[in-house]
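Please open the model in your viewer and keep the sequence beside it, as this tour moves from one selection to the next.

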Amino acid sequence: VLLRYFNVIGADPEGRFGERPIAGREVGSDEYFLTSRISTTLFDTAEGLLPYFPILGSYTGTKDGTAERDYIDVVDLVSAHLSVLRELLKSNTSFSSVEAFNVGTGRSISVKEMVTA
């Protein structure tokens with residue numbers, strides 16, 4: 001079984017996995033903006049570590065002009081992996097083919113929508 005997913009955001013509420021600062025990366029530096037996910041930058045802006053959230057590009061053919069993505073929370077993604085693993089162990093079946101599944105919400109959210117959420 002293959003799970004396909006993109007645009008993972010968030011963190012485990014207990015801090016075991018997810019958004020964490022990268023050692024040596026200064027908040028607001030060029031490296032920070034090149035390596036950070038949208039959610040990291042939004043969280044840092046909300047906490048006052050950044051003076052504003054930069055919206056890069058507003059030229060796409062979307063409803064508000066900013067990029068749209070199907071974001072999935074990291075906790076939901078872990079749950080999807082565990083569900084597949086449980087099913088595979090429970091079925092005790094050998095597989096002769098590969099099956100692929102998309103994991104996501106099925107709903108695109110724009111950058112502007114993320115900022116105002």
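**The pocket and its lining**

Begin with the lining of the largest pocket, whose residues divide into 12 nonpolar, eight polar and two charged; here Ala, Val, Leu, Ile, Met, Phe, Trp, Tyr, Cys and Pro count as nonpolar, Asp, Glu, Lys and Arg as charged, and the others, Gly among them, as polar. Before going further, note that this is a predicted model, in which local features need pLDDT of at least 70 and side-chain atom pairs count only at pLDDT 80 or more, while totals for chains, interfaces and linings use all residues. Residues are numbered from 1 along each chain as its sequence is written, and side-chain values use heavy atoms, with hydrogens and water left out.

The largest pocket holds about 450 Å³ of space. Select Arg37, Ile38, Phe53, Tyr71 and Val111, which are the closest to its centre among the 22 lining residues. The elements β2 and α2 each give two or more residues to this lining. A pocket is found on a 1 Å grid over the protein atoms alone, as an open set of points where a 1.4 Å probe fits, with protein on both sides within 12 Å along at least five of seven lines, and lining residues have an atom within 4 Å of a point. Its volume is the space filled by probe spheres set on the points, which are joined across faces, edges and corners.

**The whole chain**

Now zoom out and colour by secondary structure: the protein has four helices and six strands, and from the N terminus on they run β-β-α-α-β-β-α-β-β-α. Helices (H or I, at least four residues) and strands (E, at least two) are DSSP runs, numbered from the N terminus. Of the 117 residues, 26% are buried, where buried means under 20% relative accessible area, exposed over 50% and partly exposed in between, with a 1.4 Å probe and protein chains only.

**The nonpolar cores**

Which residues make up the largest nonpolar core? Select Ile9, Ile38, Leu42, Phe53, Tyr71, Ile109, Val111 and Met114, eight residues in all. Both α2 (38–46) and α4 (111–116) supply at least two residues of this core. A second, separate core has seven residues, including Leu3, Val8, Ile72 and Leu77. A nonpolar core is a set of buried Ala, Val, Leu, Ile, Met, Phe, Trp, Tyr and Cys residues joined through side-chain atoms within 4.5 Å.

Centre the view on Phe53, which, leaving aside its neighbours within four places in sequence, is in contact (heavy atoms within 4.5 Å) with Ile38, Thr41, Leu42, Thr45, Val111 and Val115. Then follow α2, where the buried residues are Ile38, Ser39, Thr40, Thr41, Leu42 and Asp44. Just after α2, stop at Gly48, which takes a positive phi of about 85 degrees.

Next select Asn7, in the loop between β1 (2–4) and β2 (8–9), where phi is near 55 degrees, a positive value in a residue other than glycine. Most residues other than glycine have a negative phi. Asn7 is partly exposed, with a relative accessible area of 29%.

Finish at Arg107, in the loop between β5 (100–102) and β6 (109–110), which, leaving aside its neighbours within four places in sequence, is in contact with Arg69 and Asp70.
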